[in-house]
Amino acid sequence: MKKIIISSVLAVVAIYNSIYIESLDDLKQKKDSNFDFAKYSQDLYQQILAKSQAVELSQLLSSFAENDHANIAKYGNRLGIGSSAYYLVKCQAKILEVQGDRLKVLAAGNRLLDIDTKFIFGNAIRDASGLVKLTDFKTTAEFNKISESLNTIIREKAIPEELKTVKAGDTIDIVGAVKLGEKQHDLLNLSVLPIKISKI
């Protein structure tokens, strides 16, 4: 009788140890971990370059100077209720100086721009594209992971390859992203995050 009881107990213990219960949240997290952020971001990068809605930087700045709210709203992509919006811009410029990872360029309207090709961080490029929405992802962390991956592609692969071919005196096409508020001082401290730089 004791042998039967002991055998039964051992069988129950064996069955118990063979069953692994996992929460639905853990299962979802495992599923999401299979998402290929690098591939998604590479595809997104190509879509941004193919997008025809990039506005000429000089045209955007004229809209701000003239308080042309219709065009300001048309060109920008605003997230949430903040006063700032993100813009996908393009311009042609002459390289005045190459300073390590920075380019000093002269764009239309005699506007001097410093283009930092190394410090490419934040969400400006992702948000300026207008191609990604927070509702496309389950968490803010995933949404931000897209920015990180996209910025890495541009900072470590795309831009370095393009910089190999340019030097002071060259004329280049720039596609980039800017964040602007409605205050005029934003125009004086304009920072363009490069997405693509190509020699003409």
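**View 1. Asp-170 and its salt-bridge partners.** Asp-170 is tucked away in this predicted model: with a relative accessible area of 10%, Asp-170 is buried. Its partner here is Lys-199, and the closest N and O atoms of this salt bridge sit 3.8 Å apart. Look for Asp-170 in the loop between H7 and strand S6 (171–180), and for Lys-199 in strand S7 (residues 193–199), so the bridge ties together parts that are 29 residues apart in sequence. Lys-199 counts as partly exposed, at 42% relative accessibility. Lys-167 joins in too, giving a network of salt bridges that links Lys-167, Asp-170 and Lys-199.

**View 2. Asp-116 paired with Arg-102.** Here's another salt bridge, this one between Asp-116 and Arg-102, with 2.9 Å between the closest N and O atoms. The two residues come from distant parts of the chain, 14 residues apart: Asp-116 belongs to strand S5 (residues 111–116) and Arg-102 to strand S4 (residues 102–107). Asp-116 counts as buried, because its relative accessibility of 17% falls below the 20% limit. Arg-102, in turn, is partly exposed, with a relative accessible area of 33%.

View 3. The side chains of Asp-43 and Lys-39 meet in a salt bridge, 3.1 Å from N to O. Both residues are in H3, and being 4 residues apart there, they are separated by about one helical turn. Asp-43 is partly exposed, at 36% relative accessibility. If you go through the whole structure, you'll find 8 salt bridges.

**View 4. Helix H3 packed on helix H7.** H3 (residues 37–50) meets H7 (residues 140–163) at an angle of about 65 degrees, and their axes are 9 Å apart. The crossing is right-handed. On the H3 side, residues making the contact include Phe-37, Tyr-40, Leu-44, Tyr-45 and Ile-48; H7 contributes residues including Ile-146, Leu-150, Ile-153, Ile-154 and Ala-158. Sorted by class, the contact has 11 nonpolar, 3 polar and 3 charged residues.

**View 5. Leu-60 and its surroundings.** Leu-60 is part of helix H4 (residues 57–65). With a relative accessible area of 0%, Leu-60 is buried. So who is around it? Setting aside neighbours within four places in sequence, Leu-60 is in contact with Val-55, Tyr-75, Tyr-87, Val-89, Val-178 and Leu-180. For a sense of scale, the C-alpha atoms of Leu-60 and Gly-76 are separated by 9.4 Å, and these two residues are 16 residues apart along the chain.

Note on methods:
Residues are numbered from 1 along each chain as its sequence is written. This is a predicted model: local features need pLDDT of at least 70, side-chain atom pairs count only at pLDDT 80 or more; totals for chains, interfaces and linings use all residues. Side-chain values use heavy atoms; hydrogens and water are left out. Axes are lines fitted to C-alpha atoms, for helices over the stretch in contact, and angles run from 0 to 180 degrees between N-to-C directions. A crossing is left-handed if the near helix is turned anticlockwise from the far one by less than a right angle, and right-handed if clockwise. Contact means heavy atoms within 4.5 Å. Ala, Val, Leu, Ile, Met, Phe, Trp, Tyr, Cys and Pro count as nonpolar, Asp, Glu, Lys and Arg as charged, and the others, Gly among them, as polar. Buried means under 20% relative accessible area, exposed over 50%, partly exposed in between (1.4 Å probe, protein chains only). A salt bridge is a side-chain nitrogen of Lys or Arg within 4 Å of a carboxyl oxygen of Asp or Glu.
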